[in-house]
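The following paragraphs lead the reader through a structure, from the contact between its chains to the elements within them. Please keep the sequence and the model in view while reading.

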2 protein chains.
Amino acid sequence: MKEICICPRLSKAMDLLGKRWTTLILYQLLEGPQRFNEIESALPISGRLLSERLKELEKEGIVERAVYSEVPVRVEYSLTEKGLALEGAIREVEKWSKIWIN
Amino acid sequence: MKEICICPRLSKAMDLLGKRWTTLILYQLLEGPQRFNEIESALPISGRLLSERLKELEKEGIVERAVYSEVPVRVEYSLTEKGLALEGAIREVEKWSKIWIN
C-alpha cells in the first residue's frame, strides 16, 4: 500500500455514505431542517429503517436532532456542519446519475 | 414520494459506488490505465475480490479491459467515459473525508 494512500479515509467515507438510504436521507435534508414525518413521506423508506439511519447519522455527527418544547413537542432533524459539507459530493453523484443512470 | 424525486437514480448510483472497494478502485484508476497487478498492489484488497469488482464495473460500463497481443499478453484496465465522469464525485468525497474523517 502506498504511503500517501487515501484508502482508510475514503473507504470509511464510502462505507458510511454507501449504506442503503443514507445518501437519499442526506439529499432530502439538504432542503433544510425537517420533521421525521416529512422525511418519511418524501422517501420510499419504512419508518423503522429511517429511524435507524437517522440514529446512525446522529452518532456520526452528520445529522442533529432538535426537540422544541411546544405542545405537541416538535422534533426536527437537520444537517450539522459535517453533514452540510457533503453537499458537493451529493450534488456530484446526483449530476452523474442524471446523465449516466437510466 | 414526490413527482420529481431523484430517488431511483441517486439510489442506484449509490448502490453501485457504495459497494465495498468500488470507489477505491475507481480512485486508483483515475491515475490512468493500469494492469491488474498495479491496482492490486496499490490497494489493500485480495486479487479475487479485485477481479470480482472489476468485472462488475466492466458490466456497468464504468471500466474497460483492453488486451494487447504482446508477448507476454498485456491486459490493462481503464475508466470509460462513464467512469471518468465520476471524477468530480470521487474528488468531492475525498475532499470531505480528508477534513471530516479521522
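Buried area is the accessible area, taken with a 1.4 Å probe, that two parts lose on being put together, summed over both. Between chain A and chain B this area is about 4000 Å², and carbon and sulfur atoms give 72% of it. On the chain A side, A:Arg9, A:Trp96 and A:Trp100 lose the most area to chain B, together 17% of what that side buries.

The model is predicted: local features need pLDDT of at least 70 and side-chain atom pairs count only at pLDDT 80 or more, while totals for chains, interfaces and linings use all residues. Residues are numbered from 1 along each chain as its sequence is written, chains are lettered from A and ligands numbered from 1 in the order in which they are written, and side-chain values use heavy atoms, with hydrogens and water left out.

Chain A contains 6 helices and 3 strands; these are DSSP runs numbered from the N terminus, helices being H or I of at least four residues and strands E of at least two. Along the sequence they follow the pattern α-α-β-α-α-β-β-α-α.

The strands of chain A form an open sheet in the order β1-β3-β2, with antiparallel pairing, where two strands pair if DSSP finds at least two bridges between them. β1 (34-35) and β2 (63-68) of chain A stand at the edges, each with a single partner strand, so one side of each is left without a neighbour in the sheet. β2(A) is joined to β3 (residues 74-79) of chain A by 6 bridges, and A:Tyr68 stands opposite A:Arg74 in β3(A).

Two helices lie across this sheet. Helix α4 (residues 47-59) of chain A lies across β2 and β3 of chain A, at about 105° to β2(A).

In chain B, helices α2 (residues 22-29) and α4 (residues 47-59) pack at about 80°, with their axes 10 Å apart. That makes α2(B) roughly perpendicular to α4(B), a term for angles of 65 to 115 degrees. Here B:Thr22, B:Ile25, B:Leu26 and B:Leu29 in α2(B) meet B:Leu50, B:Arg53, B:Leu54 and B:Leu57 in α4(B).

Terms used: Contact = heavy atoms within 4.5 Å. Axes fitted to C-alpha atoms, helices over the stretch in contact; angles between N-to-C directions. Parallel < 35°, antiparallel > 145°, perpendicular 65-115°, else oblique.
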